Amino acid sequence: MNDTDLLEEIVNLAQRAGDKILTIYAKDFNVEYKDDKSPVTDADLAANEVITAGLQTLTPDLPILSEESAEISWQERQTWQRYWLVDPIDGTKEFIKKNGEFTVNIALIENGEPVMGVVHAPALNVSYFAANSIGAFKECGEARIELKVTRKDNQGTIQVVGSRSHPSPDLADYLKQFDDVNMVPKGSSLKLCLVAESAADVYPRLGPTSEWDTGAGHAVAKIAGATVTQLDGSPLLYNQKESYLNPYFVVSRLN
């Protein structure tokens, strides 16, 4: 299967998972809490089943790392050169609040870098998707547009997108470098996608995230033309260590 066909299949798979999520979203649903106190709902588990089954059918030879099935040893994972990275619902807190700002994230990682990604926001009826060999796109209803980041000088008012559920005490210090800042709160991986569509200038993530939170949005932002780096300017990479936690990073369209 070529990249164009595979990307379309992954978009369809994310949207099918999104439809499953919305059937639960409309009802009263069960919320439980993991050992790290993060919430998980019936919808997370149902979407994970849809996505995992779909990926196993599409690419039976590729391993899958999902937030809901993350008990895979580092000894096994460190041998992976190419694998799927999945978050069935990124922004579970937003899902529980029913504010619509949650996403389905599916990314293809090759040698530590995201080369394909789909971010689908089912309650907003919008999808962002990208592949290295094809480009980055946004689909809203029947309309599909290509995303190409327009670079911006670090002058005037800077649109900074930040977490709605995880404000960071380090953020205030980071923002001192800008003369004027307009903060745009947003949940889930939609923050990376806002930079990808040039609706925000910078997303500094100075708080904890896991690799499945960022892989798909990282692919969209990077392929659209944004930079995605650690604070020291080095690339944000995946599956390089035993922990799933990301270092702090910045997504930017600033020159």
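Predicted model: local features only at pLDDT ≥ 70, side-chain atom pairs only at ≥ 80, totals over all residues.

Residues are numbered from 1 along each chain as its sequence is written, and side-chain values use heavy atoms, with hydrogens and water left out.

- An open sheet is built from 7 strands in the order 3-4-5-6-7-8-9, with mixed pairing; two strands pair if DSSP finds at least two bridges between them.
- Its edges are strand 3 (64-66) and strand 9 (143-147), and each of these pairs on one side only.
- On average, neighbouring strands of this sheet are turned by 15 degrees against each other, direction ignored.
- Helices (H or I, at least four residues) and strands (E, at least two) are DSSP runs, numbered from the N terminus.
- Strand 8 (residues 135-140) pairs with strand 9 in the antiparallel sense, over 5 bridges.
- Along that pairing, Cys140 stands opposite Ala143, and Glu139 has Arg144 as its bridge partner.
- The hairpin of strand 8 and strand 9 has 2 residues between the strands, and Gly141 there takes a positive phi near 65 degrees.

**Helices across the sheet**

- Helix 1 (residues 3-25) lies across strands including strand 4 (82-90) and strand 6 (113-121), and runs at about 35 degrees to strand 6.
- Helix 7 (residues 211-224) lies across strand 3, strand 4, strand 5, strand 6, strand 7, strand 8 and strand 9, at about 105 degrees to strand 6.
- For these angles, axes are lines fitted to C-alpha atoms, for helices over the stretch in contact, and values run from 0 to 180 degrees between N-to-C directions.

**The largest pocket**

- The largest pocket holds about 820 Å³ of space. A pocket is an open set of points on a 1 Å grid over the protein atoms alone, where a 1.4 Å probe fits, with protein on both sides within 12 Å along at least five of seven lines; lining residues have an atom within 4 Å of a point.
- Grid points are joined across faces, edges and corners, and the volume is the space filled by probe spheres set on the points.
- Its lining has 34 residues, and Ser38, Glu67, Ser210, Trp212 and Asp213 lie nearest the centre.
- Among the elements giving two or more residues to the lining are strand 4, helix 4 (92-97) and helix 7.

**Sites from the UniProt record**

- An unreviewed UniProt entry lists Glu67, Asp87 and Ile89 under "binding site". They span 23 residues in sequence, yet no two of their C-alpha atoms are more than 9.0 Å apart, so they gather at one spot.
- The lining of the largest pocket includes Glu67, Asp87 and Ile89.
- UniProt positions use the numbering used here, feature names are shortened, and annotations may be inferred rather than shown by experiment.
- Glu67 sits in the loop between strand 3 and helix 3 (74-77). Glu67 touches Lys34, Val86, Asp87, Ile89 and Trp212, leaving aside residues up to four places away in sequence; contact means heavy atoms within 4.5 Å.
- The unreviewed entry also gives "binding site" at Asp87, Asp90 and Asp213. These are spread over 127 residues of sequence but cluster in space, with a largest C-alpha distance of 6.4 Å.
- Asp87, Asp90 and Asp213 are included in the pocket lining too. Ile89 is found in strand 4, and Asp90 has its place in strand 4.
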